[in-house]
Amino acid sequence: MHRLHRFLPFLQWPRPDRTLLRSEALAGLTVGLMVIPQGVAYAALAGMPLVTGIYASMLPALVAVLFSASTRLSVGPTALSCLLVGTSLAGLAEPGSAQWVQLAVWLALLSGLLQAMLGGLRFGWLLNLVSAPVLMAFTQAAAVLIMGSQLPSLLGWQGAWPGWGQALPVHWPSLAFGVVSVALLVGVRRWKPAFPSVLVIVLGSAGLSQWLGFADAGGAVVGPLPQGLPALYWPTLPQADVLSQLILPTLVITLVSFLETASSAKVDSERAGKRWNQDQDLIGQGLGKIASGLCGSFATSSSFSRSALNLYAGARTGWATVASVLVVMVALLWLTPVLRHVPQPVLAAIVLVAVVGLIKPREFIRLWRISRTEAAIAAATFAVTLLAAPRLYWGVLVGVLMALSQFLYQRLHPRIIEVGQHPDGSLRDRHLWQLPPLAPHLYALRMDAALDFATASAWERAVVEHLSLHPDTRHVCLFAQPINRIDATGVEVFMKVAAQLQRQRITLHVSGMKLPVETALRQADALPSGSGLVLYRTDAEALNAMSLLREWPDDIAGSAI
């Protein structure tokens, strides 16, 4: 049964009763009323036919929640994923054309297959390659680009930029619709977050647009949308050179879209008091993308704002998503004619208000206070993302490579300090705190890292350099409590250093060695007894022994240890 639940997690959903259905239906109605206009707006951001945004809010959302561990997430179109789709396909086809749709479907299918495969193989840990500063910077840069792409529609600009010093060709009714929509969306969100303000504003603007003859006056509107459920879409295989250009966008969409999911899923898991199953969510998100592609739509993801609204509205299980899908289905079957008169500036306002909260300049200041290196990486990610537009994936790749380079540098340069005993009894950096040595002719050191191929040479170099500068050293004490792991290189270097110390008649003391490290060294016969090597179980025991060196500084290797 446990194996069956892993492949079909929806079997663990509670059987709905009247009370549960009432709360789930209310939450589903709230989210469904929000996702309909958002889906249309985000489809425009992706360069897709507007109705595909509604398609992406139905079957993909249902499939994702059925096979995910986090059942209260709202899956569907998101601003960031749609921007990645739109920018990735720029130059490969005309937005909204049949070829554009086909390539967008391939992005959804490829990224979905990759996510499902990673989840099935339990490789969800690979997504940790993107650090929080890199994701923060990329998200903010993407938000700036999204806002920039929506300003022409929002403000009613028509035609090309005329140049500096010349008036912009503004369509004033469009400007009025856009500005008023932004003001209403922001105001209602602060007044009552659960109120379906997006839908009310969309419907109200549609009625006002038709009454005023907005389209006849030159205003851009949504236009007619096809009614009925989506048909099965099976794309033809593109040419090899075109398919090769989708590889990097597929990797970035796979990565970024799931990091969007992670931000919501972690909150959901914490509130539910359970561990987040990232591999199962990878499978669910991947299958949702595949379902979206087979509907002729684009790659989906989890929306943080809609997921938060779902929780706020009282959703407790995946039945809330089932209810929201039914709401979207009813709208698709019978209510799409209402949307044809919606002004495009209103859709732009919906997108802009949704992403403006992602721009947080103070995060860079806070990051600078924590780590200037990571702040520089974030700044580089932000700049490259903006400069490389529309190829946004270069921003992620540059940020990931810089973060990994910093990680490798830190691993290759571990913190190794000579320790002394602080007045409070702790062992601290002797030179930083100006502490006396633990005993005469003693080099007591601590390495805050694993003893492996990346750090072994640094540890060896620290010991050798100290001995060359202090030839009167008779004892070396390694406080090994922070060393959690040792590999073959670490064992070899440990034996080499121990042998060198033995030839120089220097006693090696090791304190607090952990069991995995000790086991590996004993299996290599690197801890022979009676060879100038002394082991201590605790630092307190080692410190007591070091105190004896003040009385018998020559040798305590033969003492009762």
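P390 is placed in the loop between α18 (372-387) and α19 (393-412). Helices (H or I, at least four residues) and strands (E, at least two) are DSSP runs, numbered from the N terminus. A cis peptide bond joins A389 to this proline, P390, with omega at about 10°.

The structure is a predicted model, in which local features need pLDDT of at least 70 and side-chain atom pairs count only at pLDDT 80 or more, while totals for chains, interfaces and linings use all residues. Residues are numbered from 1 along each chain as its sequence is written, and side-chain values use heavy atoms, with hydrogens and water left out.

**Domains**

The domain assignment of the protein gives domain 1 (20-222 + 234-380) and domain 2 (416-550); such bounds come from an automatic or database domain assignment. A distance of 55 Å separates the C-alpha centres of domain 1 and domain 2. The UniProt record, an unreviewed entry, carries the annotation "domain: STAS" for residues 440-546. UniProt positions are given in the numbering used here, feature names are shortened, and annotations may be inferred rather than shown by experiment. Over residues 440-546 the chain is 44% helix and 19% strand, and the end C-alpha atoms of this stretch are 9 Å apart.

How many residues of strand β5 (residues 442-447) are buried? The count is 6 of its 6 residues, where buried means under 20% relative accessible area, exposed over 50%, and partly exposed in between (1.4 Å probe, protein chains only). Both faces of β5 are covered, with L442, A444 and R446 on one side and Y443, L445 and M447 on the other.

Two strands pair if DSSP finds at least two bridges between them. Strand β3 (residues 416-421) runs antiparallel to β5 and is joined to β5 by 3 bridges; within this pairing, I417 has R446 as its bridge partner. Strand β6 (residues 475-479) pairs with β5 in the parallel sense over 5 bridges, and here the bridge partner of Y443 is V476.

Together, β5, helix α20 (residues 456-469) and β6 make a right-handed β-α-β unit. A crossover is right-handed if, with the strands pointing away from the viewer, the path from the first strand over the helix to the second runs clockwise.

**Selected residues**

S209 lies in helix α9 (residues 197-212). Why does S209 count as buried? S209 counts as buried because its relative accessibility is 2%. The C-alpha atoms of S209 and W125 are separated by 50 Å, and these residues are 84 residues apart along the chain.

R122 counts as partly exposed because its relative accessibility is 46%. R505, at 70% relative accessibility, therefore counts as exposed.

**Aromatic rings**

R428 lies over the face of W433, at 4.6 Å from the ring centre. A charge sits over a ring if NZ of Lys or CZ of Arg is within 6 Å of the ring centre and within 35 degrees of the ring normal. A search of the whole structure finds 9 aromatic pairs, a pair being rings of Phe, Tyr and Trp (its six-membered ring) with centres within 6.5 Å.

Terms used: Phe/Tyr/Trp six-rings, centres within 6.5 Å; stacked < 30°, edge-to-face > 60°.
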